[in-house]
Amino acid sequence: MCHTDKLDELHIWKEARNLVKEVYFQFQENENKQFSNMIKRTAMAVLCNIAEGYSSGSRLVFQSFMFEAEGCCHEICDFLDKARTHKYLNEEGIAKVGRTCENMMAGIKQALQGIDKSE
């Protein structure tokens, strides 16, 4: 399933940590606390899904949790569209979170391809 025995060595998990850090940083001063909390929880769900799937030790379960993480990334992209519309975040911040989220989704696709090849 994975080429490492430790979660913190897993590249996709490191990418998820970067996503969480970027979302928390960009939305720390946002006046709409409810919106900020929702996007932060969604970013954290990406990280948690990867950790939970990885800890299962099962390729099939890990794959399922990776799909969940990918879905959360799509939710974050939707949140960014709303943040732009309602001016909850400037364009630079939206672009930074967007790039980090795109990197995350690319990493998920790569991890999913690795799972398929290992079966």
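A: A crossing is left-handed if the near helix is turned anticlockwise from the far one by less than a right angle, and right-handed if clockwise. In this structure, the crossing of α2 and α3 is left-handed. The model is predicted, so that local features need pLDDT of at least 70 and side-chain atom pairs pLDDT 80 or more, while totals for chains, interfaces and linings use all residues. Residues are numbered from 1 along each chain as its sequence is written, and side-chain values use heavy atoms, without hydrogens and water.

Q: At roughly what angle do the axes of helix α2 and helix α3 cross?

A: Two packed helices are described by the angle between their axes and the distance between the axes. Here the axes of α2 (residues 33-56) and α3 (residues 59-85) cross at roughly 165 degrees and come within 8 Å. The two helices are therefore roughly antiparallel (angles over 145 degrees).

Q: Is I50 buried or exposed?

A: Buried means under 20% relative accessible area, with a 1.4 Å probe and protein chains only. I50, which lies in helix α2, counts as buried because its relative accessibility is 0%.

Q: Which residues does I50 touch, not counting residues up to four places away in sequence?

A: Contact means heavy atoms within 4.5 Å. On that basis, I50 touches L10, I12, W13, A16, F62, M66, A69 and M104. The C-alpha atoms of I50 and F62 are separated by 7.5 Å, with the two residues 12 apart along the chain. I12, W13 and A16 are also among the buried residues of α1.

Notes
Axes fitted to C-alpha atoms, helices over the stretch in contact; angles between N-to-C directions. Helix = DSSP H or I, 4+ residues; strand = E, 2+ residues; numbered from the N terminus. Parallel < 35°, antiparallel > 145°, perpendicular 65-115°, else oblique. Buried < 20%, exposed > 50% of the residue type's maximum accessible area, 1.4 Å probe, protein only.
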